[in-house]
Amino acid sequence: MLITLLAAGGAAAGGEEANPYGLAAALREGGLISQSVFTILVLMSVVSFYILFSKLFEQQKVINQAKRVRQGFWQSRDLREGAAKLDKNSAYKQLVDDGLQAQDQHSKLTDPVEAHDWLHGSLARSEAAINSKLGGGLAFLATTGATAPFIGLFGTVIGIYRALIKIGSSGQASIDAVAGPVGEALIMTALGLVVAVPAVLAYNWLQRRNKSIAEDLSAFSNDVLGFLASNGAVRPVAPSAAGAAKAPVKPAAATTTAGQAGGVQTRG
């Protein structure tokens, strides 16, 4: 949308004799302040779209990693074998590695700490680090959505002020003399809204996707904790299609963890 407005402004600049009003005229008449406001809004828009597409790429990578975890991770004999099947930079591999490292560190502690509390704290820190990385840049989107309309409004106020000064000095107060300069000044408000609305929509969309990813990571972390705390006795059930057809699952035999295929089976 912003590109369309810029193109329209360029067209107005090219055909100034036919239409002397437009973005180019507003920037020229507004002076340094209007040009600075326009530059700030363009930079905010470009950075907002960069954050949007880069975060979508990062989120999709984690979503694809979750699919691979559900397909074959829990069919491995132990966590180390399962982690070897995951990508090197996988968020789920990071959780497993941090859990195994915490298990090794617990035996070296001189101050007695419950193994469950130590493992839970280590996995929670790992989750927080992943979620923090996924949330990077979203604060800029929120700031853009909140401030861009006011930045555009500032440019409008300055533009109207300059227009009124010009009209007062010329002594002409006709509608033709007022409508053009004031309309050009209002373009800055429109630009502020054009920058702010996509930023707000992108922020809400990315936040919702991050929440879904965080839920999956939390469920996987809980499964890893159960596996480590039980020495492998508790793990999510991942039956094959053939196995599921031969032996129907009894609801009373297992408890299900939200977000994981099959849930966590607790063996008595």
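Predicted model: local features only at pLDDT ≥ 70, side-chain atom pairs only at ≥ 80, totals over all residues.
Buried here means under 20% relative accessible area and exposed over 50%, with partly exposed in between (1.4 Å probe, protein chains only). Residues are numbered from 1 along each chain as its sequence is written, and side-chain values use heavy atoms, leaving out hydrogens and water.

**Aromatic pairs**
- The whole structure holds six aromatic pairs (Phe, Tyr and Trp rings, six-membered for Trp, with centres within 6.5 Å; planes under 30 degrees apart are stacked, over 60 edge-to-face, the rest tilted).
- F73 and F220 count as edge-to-face because their ring centres are 5.4 Å apart and their planes sit at 65 degrees.
- Both F73 and F220 are buried.
- W74 and F227 make a tilted pair, 6.0 Å centre to centre with 45 degrees between the planes.
- That pair links distant parts of the chain, with W74 and F227 153 residues apart.
- W74 is buried at 9% relative accessibility, and F227 is buried at 9% too.
- F73, W74, Y92, F220 and F227 belong to one aromatic cluster.

**Other spots worth a look**
- S48 counts as buried because its relative accessibility is 6%.
- Leaving aside residues up to four places away in sequence, S48 touches F140, L141, T144 and A199 (contact: heavy atoms within 4.5 Å).
- A124 and S218 are 94 residues apart in sequence, yet 8.3 Å apart in space, C-alpha to C-alpha.

Methods: Helix = DSSP H or I, 4+ residues; strand = E, 2+ residues; numbered from the N terminus.
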